[in-house]
Structure formats: C-alpha cells, structure tokens
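Dear colleague,

I am handing over the structure below, and my notes on it follow. Please read them with the coordinates open beside you.

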Amino acid sequence: MEGDAVPIKHNWLDAVFSEIEANKPFAILGSKYHGDKWDEFYDQLPISLTNHLNGNAMYNTSHPLLERLVGQLELEAPSPYNSIPYDYRISQIVIEAELGIVPQLAPKIMPD
C-alpha cells in the first residue's frame, strides 16, 4: 500500500485476497482514477494518464510482464524518465508498446 493509504473497511485484507483469486493471472490489479477533478480538461490529457492504474494496486511480482516493466524502470533510473511517478511511467510504457505513442517529457526535466 502507498504510505498515505488507510484501509477503511473491516476485513479489507480478506477482500484483497478474494480479488486476487478472482482475477488471476494478472501483472497489476488496480483501478483507474474515478474522481471528477479532471472533468474540465479531461480531453486534453494524454491517454497514458487517463488510463493509468492508481499506484495503490496489487502487483504480481512473479508475472513476466511486471518483471519486464520493473526492468525497464531500473534501466531508466539515471534518465529524466525517473522523475515521472512509477505508476504513470508504467502506463506510458504500456501505451507506447500498444499504440506507439511516445510520451512527451516536460522541457524542464530534459537534460541540456
């Protein structure tokens, strides 16, 4: 769980285990953002942001896809991509592989 996540449901861990069993096999099991803070500009957001899974998800550390994603994140550690939150960066990697959409980095984090 992310550091700022607090369970609010009794027996929440049992519910998590049930979800894991019901959805096997998976690499990452989580949820997209469902709030309304983006409504006014949603159509201007990159697809990798609107489709990214919240970082507070379940990660199957033995799944080959997750192993490859983590390996890619490790390779990118010394690069400007390391400044992007891992959950969003994973979405960018998947979208680039599936749709060929290369993410644009903010000019302020690009090296000179």
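**Backbone points**

Pro25 sits in the loop that runs between helix 1 (12-23) and strand 1 (28-29), where helices (H or I, at least four residues) and strands (E, at least two) are DSSP runs numbered from the N terminus. This is a predicted model, in which local features need pLDDT of at least 70 and side-chain atom pairs count only at pLDDT 80 or more, while totals for chains, interfaces and linings use all residues. Residues are numbered from 1 along each chain as its sequence is written, and side-chain values use heavy atoms, with hydrogens and water left out.

The peptide bond from Lys24 to Pro25 is cis, with omega near -10 degrees. In the segment before helix 1 lies Asn11, whose phi is positive, near 60 degrees, although the residue is not glycine. Both features deserve a look, because most residues other than glycine have a negative phi and most peptide bonds are trans. Asn11 is exposed, at 57% relative accessibility (exposed means over 50% relative accessible area, buried under 20% and partly exposed in between, with a 1.4 Å probe and protein chains only).

Not counting residues up to four places away in sequence, Trp38 touches Tyr33, Leu45, Leu49, Thr50 and His52, contact meaning heavy atoms within 4.5 Å.

Thr50 belongs to helix 2 (residues 47-50) and is buried, with a relative accessible area of 12%. With its neighbours within four places in sequence left aside, Thr50 is in contact with Lys32, Trp38, Tyr42 and Leu45. A polar atom of the Thr50 side chain also lies 3.2 Å from the backbone oxygen of Ile47.

**Pocket linings**

By class, the lining of the largest pocket has 12 nonpolar, 4 polar and 3 charged residues, and helix 1 gives the most to this lining, with 4 residues. In these classes Ala, Val, Leu, Ile, Met, Phe, Trp, Tyr, Cys and Pro count as nonpolar, Asp, Glu, Lys and Arg as charged, and the others, Gly among them, as polar.

Best regards

Key. Polar contact = N/O pair within 3.5 Å; in protein donor to acceptor, adjacent residues only side chain to side chain.
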